[in-house]
Amino acid sequence: MDFNYVIAMLLVALGLYCLLLKRNLIKLIIGLVVLTDGIHLFLISLGYRSGGAAAIVSGEMFSDLPGFAAQAVDPIPQALVLTSIVINICILALALSLTIYAYRHYGTLDPSKLRRLKE
Amino acid sequence: MISHAPILAILLPLFAAFLMPVIGILSRRRGIKRAREWFAIAVVLAEFAVVASMLPAVWGGQVLVYQLGGWQPPWGVNLAIDGLNLLVALIVAGIGTLVMIYSFVYMERDTGLDQYYTLFLLIVAGMMGVALTGDIFNLYVFFEIMCISSYALVAFRRKWQSIEASIKYMIVSSLGTSFILLGIALLYGLVGSLNIADLAQKLGQVSPSAVIVPLALFVTGLGIKIAVVPLHMWMPDAYQAAPSAVAALFSGATATVGIYAMVRVVYTLFGAFAIGIMLAALGLVTMVIGALMALAQRDLKRLLAYSGISQVGYVLLGIGLGTVLGIQGGLFHLFNNAIYKTMLFMIAGAIIYRVGTSNMDQLGGLWKNMPVTATLFVVGALAISGVPPFNGFASKWMIYVAGIEAGQPVFTIIALITSALTLAYFLKALNSIFLGQRPKHLSDVKETPLPMMFPIMLLAVLCVVFGVLPQLGIDIVRPAQEAVMNSGGYISAVLGGA
Amino acid sequence: MAGMTVIVRTITRLLFPFTFLFGAYIVLHGHLTPGGGFPGGVIIAASVVMLLLAYGIERAETKVSFLQAEVLESIGGLAIVVLGLLSLLLGVAFLQNKFPLGELGQLFSAGNLPLLYLGVGIKVAAGILLIFYAMLFAFRGDEK
């Protein structure tokens with residue numbers, strides 16, 4: 001029934017696995033993206049209602065607002081997910097730029113090699 | 001109070017951050033020198049005035065509620081300011097102003113200062129947003145604004161140190177914010193609200209077993225932000241690699257904001273006073289490990305970072321005890337920590353500015369060259385180690401007494417031992433930087449320039465003032481402590497007595 | 001970056017105006033249909049990025065230079081804040097919709113919402129473009 005919740009949590013687990021065990025910066029970033037996408041799927045599923053209408057009022061629905069509200073999906077998770085996607089784009093862009101610089105300085109993408117600071 | 005002060009406090013730095021690239025371009029075209037710097041300082045000063053204008057109303061026991069777009073809570077996003085919010089906002093605005101003045105000279109040798117000031121103002125806006133908002137998702141968004149700007153600022157100089165530190169910081173911290181987002185999603189699924197006051201009210205009727213997972217996610221996520229010990233690995237790297245002005249801002253203001261979020265979420269939102277003792281235990285571990293690690297460091301900024309971790313442990317211990325004295329002591333220590341930690345990082349920056357390194361093996365005997373800086377360092381070191389008559393003593397004493405009063409004398413003993421350790425590693429730092437043999441090439445090092453000295457001196461004066469007159473500091477934190485203990489008042493003020 | 005073959009270039013040249021227009025449509029109808037400032041802005045940025053990939057960075061920079069993108073991004077951000085502050089000047093709360101609402105479903109309706117979407121659209125388009133430029137410049141440093 002609630003397949004999407006299962007998938008969402010699988011994605012979160014997959015992302016965590018990737019973050020903890022992979023030894024490549026690009027893969028770490030992919031793991032981060034998969035993790036947050038799992039959370040996004042979870043959030044969207046919270047507001048979903050099977051057969052529900054998009055939460056956008058157009059002319060003919062305006063006369064029957066309570067009836068519309070009874071069958072529309074919850075718009076708040078969608079707004080939250082959109083915001084979160086924007087934030088994740090920023091993180092992704094910054095992460096990839098940093099990876100470019102890291103590769104230039106270290107000549108490798110292996111995060112375990114990035115430990116010169118500790119000496 | 002300036003009308004619309006709550007929203008102006010967030011908008012002012014945000015607006016200035018967007019304006020900064022344009023000002024940078026214009027000042028280069030027209031050849032106006034230092035337009036960015038003066039503009040940025042004017043903005044943070046105005047910011048401080050706006051925040052200070054809210055003081056009388058909030059200290060009078062009022063909870064300021066500002067509705068964005070005129071939507072009533074719990075539907076709309078709102079800003080809610082009680083004593084706790086205001087204390088944090090005051091620290092952020094004050095430290096932001098001083099660090100901005102400090103940056104004026106400290107950053108002058110760097111290029112790309114447009115980006116520096118833009119990111120700096122964005123961090124201030126993000127911190128202010130976290131401190132003032134009354135909406136949990138809004139808190140997450142401002143947290144992300146703050147964090148993304150801070151990753152970029154850590155990497156600002158693009159040397160290998162900063163890139164490495166920034167990548168570590170970013171991956172760990174993004175994981176933390178993802179946990180916070182997941183926690184918010186779970187809460188929304190549970191009760192269908194995002195307003196902190198509304199959530200707090202509705203969570204009271206939910207069975208406690210259902211809120212354990214979101215609570216754990218929040219504590220873990222915020223624990224990464226404030227570098228509680230098992231999750232602290234990013235912090236020394238980030239503080240060591242960031243420009244000292246940025247590290248000063250992080251240790252003074254960002255850490256404070258993280259602790260604020262922890263207190264607000266755990267105590268107001270979840271009403272989970274029962275897990276306070278767990279926070280206290282975490283704080284204890286944090287303080288001991290932080291101090292032990294600090295003893296082994298050879299780099300001044302890294303040492304300061306570990307000592308920052310250790311001081312956060314004290315704050316958590318005080319707040320976790322959950323008694324009036326404990327929370328008062330914890331918040332007072334938070335306030336003091338912002339003062340002397342910022343000051344010590346600024347001194348580290350001054351040494352780097354004049355000598356070019358913060359590695360303590362290569363320093364020594366600088367007392368003759370920088371007598372004023374050295375004296376100020378001693379003030380800071382004594383304050384942080386809790387030696388009277390400086391402010392660290394007053395707040396640590398309150399935490400010790402609170403530990404005994406709460407029936408946890410073991411906590412107090414461990415905190416006392418950690419204090420001795422703190423003194424030990426600061427004496428070591430003092431010895432290897434300002435005393436001892438002076439390497440030959442350091443003989444013509446000059447005193448810290450005056451514009452950099454001014455914020456350091458101001459903070460040192462504050463250290464002494466709050467040490468001699470602790471009652472003054474306690475008066476400042478008492479409204480915050482009352483706000484922590486009185487989440488019912490917060491809820492009814494936001495929801496209009498609903 | 002050198003650019004691509006003549007097939008790619010021709011198709012890109014044909015597609016560019018339509019993609020750009022579609023992005024602008026999404027931005028301007030943000031208050032009426034799904035979409036809005038962010039998706040529309042991304043589509044606009046994608047159209048320029050398409051040019052950039054097909055013709056190389058030098059050609060794309062003649063359309064929108066780095067500096068222009070930076071200024072545009074600032075203007076987009078400022079527009080949002082100014083709109084919010086305008087509500088304060090009109091005597092209501094920040095971002096409160098005090099403009100004439102018009103008729104539901106019309107293009108010029110919903111008070112300040114279309115203007116906000118426009119600001120967001122400009123900011124996002126310029127921002128995404130800036131990210132691309134910044135990354136390309138990072139690579140360009142590699143070649144030197």
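In this predicted model, Gly91(C) is found in the loop that lies between helix H4 (66-89) and helix H5 (113-143) of chain C. With 8 other C-beta atoms within 10 Å, Gly91(C) is exposed, because a residue counts as exposed when 12 or fewer such atoms lie within that distance. Gly40(C) stands 51 residues apart from Gly91(C) along the chain, and the C-alpha atoms of the two are separated by 31 Å.

Strand S1 (residues 64-67) of chain B is joined to S2(B) by four bridges, and the two strands run antiparallel. Within this pair, Gln67(B) stands opposite Asn78(B), which belongs to S2(B). In strand S2 (residues 78-81) of chain B, Asn78(B) and Ala80(B) point one way, whereas Leu79(B) and Ile81(B) point the other way, and all of these residues are buried.

The crossing in which H15(B) passes H18(B) is left-handed. On the side of H15(B), the residues that take part are Val372(B), Leu376(B), Val379(B), Gly380(B) and Ala383(B), and they meet residues of H18(B) that include Met453(B), Ile456(B), Ala460(B) and Gly467(B). Sorted by class, the residues of this contact between H15(B) and H18(B) comprise nine nonpolar, two polar and no charged.

The chains also touch one another. Where chain B meets chain A, 28 residues of chain B are in contact with 26 residues of chain A. Helix H6 (136-154), helix H7 (160-191) and helix H10 (234-241) of chain B are the elements that give two or more residues to the side of chain B that touches chain A, and H7(B) gives the most, with 17 residues. Chain B has a contact with chain C as well, in which 14 residues of chain B are in contact with 13 residues of chain C.

The table sets out the classes of residue on two of these sides.

| Side | Nonpolar | Polar | Charged |
|---|---|---|---|
| Chain C, touching chain B | nine residues | three residues | one residue |

Definitions and conventions. Residues numbered from 1 in each chain as written. Chains lettered and ligands numbered in written order. Predicted model: local features only at pLDDT ≥ 70, side-chain atom pairs only at ≥ 80, totals over all residues. Buried ≥ 20, exposed ≤ 12 C-beta atoms within 10 Å, placed from the backbone. Pairing = 2+ DSSP bridges. Left-handed = near helix turned anticlockwise from the far one by under 90°. Contact = placed C-beta atoms within 7 Å. Nonpolar A, V, L, I, M, F, W, Y, C, P; charged D, E, K, R; others polar.
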